[in-house]
Amino acid sequence: MKRISIARRAQPGCGAMALIILAMAPIERAFAQNIGDRTIYMSDALARALDNNPAVSASLAEVDALNADAAMAGRWDNPTLSAEVEDFGGDRNGWGDADTTVSVSQVVPLGGDRRWAYRTERAWADAAAVESAAIRAELLADTARAHIDAYAASETYAVRLELLETAQRTADAINARVDAGRASPIERRRAEVLIARASIALSEAERARIGAIQSLAAIWGGANLDGQLASPLEGLNLDAIASMSHDEVLSSNLQLAQLRAASTASGYQVRRERASAIPDVTIGAGARRFGGSDEVAYLATIELPIPVINQNRDGIRAALSRENGARFDEEATRRSLLREFAQAASRFAQSKVSVTQLEESVLPASRDAFSAAQEAYGEGAMDLLDLLDIQRTYFDVRIDLIAARAALARAAIDIDLLAGAPSLSVMASTTVEEG
């Protein structure tokens with residue numbers, strides 16, 4: 001990382017400003033100690049975010065639990081073993097004269113509610129699996145956005161640092177003209193203001209850079225980064241993202257897929273409630289020993305509830321209402337996704353145009369104008385205010401380009417997330433060498 005070097009001079013104001021700038025150096029050096037020499041690509045950041053992420057692990061644990069619930073819901077009840085001893089004691093001669101009955105009974109579901117219970121719980125497990133994939137995709141998108149913000153903040157800081165150094169060189173030229181009597185002493189004060197404003201902007205950029213980098217590192221539980229960030233546009237397939245249609249987005253959107261799975265589960269729940277309205281029958285068989293004669297007889301039992309009070313109509317009605325609500329939610333989400341995709345596609349197209357114009361025409365023109373203005377001012381052929389205006393425009397254009405590239409990357413991430421984050425998933429599983 002570059003150090004800020006300010007030459008001391010005797011003019012009032014400039015020395016104080018130099019001290020302000022030099023005071024920032026310890027902070028910069030302390031933060032630089034945590035930055036290594038390796039390059040951190042967006043794929044590296046995504047892979048780190050997925051490594052033992054608690055949110056993703058918790059969602060996968062819930063999927064496993066729901067699959068276990070589904071397996072349990074499809075099983076029959078355990079058979080019941082019962083034993084009965086009667087007519088012992090009193091006027092009889094104890095246990096030997098008692099009548100003993102031993103039987104085994106089993107509940108047999110007639111309506112198939114166990115089958116529909118299994119399908120319902122499995123459908124909810126499928127919905128949870130899609131939700132887990134959505135949580136993973138959201139994590140990838142949040143990490144990508146944090147990487148974009150950290151890179152943009154680092155690039156902005158570098159430009160602000162260069163602006164401060166340029167302001168110092170401009171101040172040297174101004175002071176030289178004032179000392180030579182070729183300019184008014186007022187311009188010396190303008191030089192001091194120029195350095196002060198560049199110093200303030202650099203300080204703000206430094207705080208923003210540290211905050212953005214720490215925010216990115218916090219996603220995988222780190223206090224800071226161990227390398228330099230690479231441009232997020234390097235790993236994004238902008239052409240593939242730009243060619244996505246709303247039909248492709250809707251067919252692969254994870255939020256919509258989760259609602260579809262929930263609608264399926266709600267439909268199975270309706271069938272489950274209707275099957276539950278059919279009463280289950282309990283059958284049994286056993287043997288009875290009569291203590292008085294020591295004879296043995298066999299018995300068979302059957303129990304069938306009479307559905308005259310509870311026919312599960314309210315349960316069926318509730319399930320139907322939830323099924324309708326799930327389908328309404330699905331349609332509402334589909335319309336919302338269409339709007340989000342239209343907005344993201346518009347931002348993507350506009351950002352792409354802005355980046356192209358800034359890179360191909362605006363930045364080269366402002367760079368040439370700045371170089372020519374510096375030469376003209378040194379030769380006394382340009383006014384100070386014109387020089388400062390051209391200088392400010394040049395650095396503003398560079399910062400605008402950083403912001404435009406970041407906006408383009410964010411729009412691409414938003415579109416990719418709407419489509420189920422296919423590009424981010426590929427990047428998270430691709431090494432730098434493979435990329």
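**Buried positions, helix packing and sheet of the predicted model**

Ser351 is buried, since its relative accessible area is 9%, where buried denotes under 20% relative accessible area, exposed over 50% and partly exposed the range in between, computed with a 1.4 Å probe on protein chains only. The structure is a predicted model, in which local features need pLDDT of at least 70 and side-chain atom pairs count only at pLDDT 80 or more, whereas totals for chains, interfaces and linings use all residues. Residues are numbered from 1 along each chain as its sequence is written, and side-chain values rest on heavy atoms, with hydrogens and water left out.

Ser351 belongs to helix H9 (residues 313–378); helices (H or I, at least four residues) and strands (E, at least two) are DSSP runs numbered from the N terminus. When residues up to four places away in sequence are not counted, Ser351 touches Ala404, Ala407 and Leu408, contact being defined as heavy atoms within 4.5 Å. The protein chain comprises eleven helices and six strands, and 42% of its 435 residues count as buried. Of the contacts in the protein chain between residues at least 6 apart in sequence, 81% join residues at least 24 apart.

Leaving aside neighbours within four places in sequence, Asn253 is in contact with Leu337, Leu417 and Leu418. The C-alpha atom of Asn253 is separated by 8.8 Å from that of Ala134, although the two residues are 119 residues apart along the chain.

Helix H4 (residues 113–179) packs against helix H10 (residues 384–418) at an angle of about 175°, and their axes are 10 Å apart; axes are lines fitted to C-alpha atoms, for helices over the stretch in contact, and angles run from 0 to 180 degrees between N-to-C directions. H4 is therefore roughly antiparallel to H10, given that angles over 145 degrees count as roughly antiparallel, those under 35 as roughly parallel, 65 to 115 as roughly perpendicular and the rest as oblique.

The largest nonpolar core has 67 residues, and those with the most contacts inside it are Met42, Leu46, Leu236, Phe348, Ile413, Ile415 and Leu424; such a core is a set of buried Ala, Val, Leu, Ile, Met, Phe, Trp, Tyr and Cys residues joined through side-chain atoms within 4.5 Å. H10 supplies the largest share of this core, 19 residues. Apart from neighbours within four places in sequence, Ile415 is in contact with Ile241, Met244, Phe341, Ala344, Ala345 and Phe348. Another core, of twelve residues, lies apart from the largest one and includes Ala146, Ala150, Ala212 and Leu225.

Four strands form an open sheet with antiparallel pairing, in the order E2-E3-E5-E6, two strands being paired if DSSP finds at least two bridges between them. Strand E2 (80–86) and strand E6 (295–303) are the edge strands, each pairing on one side only, and the twist averages 15° from one strand to the next. Strand E5 (residues 281–290) runs antiparallel to E6 and is joined to E6 by nine bridges; Ile302 in E6 is the bridge partner of Ile283.
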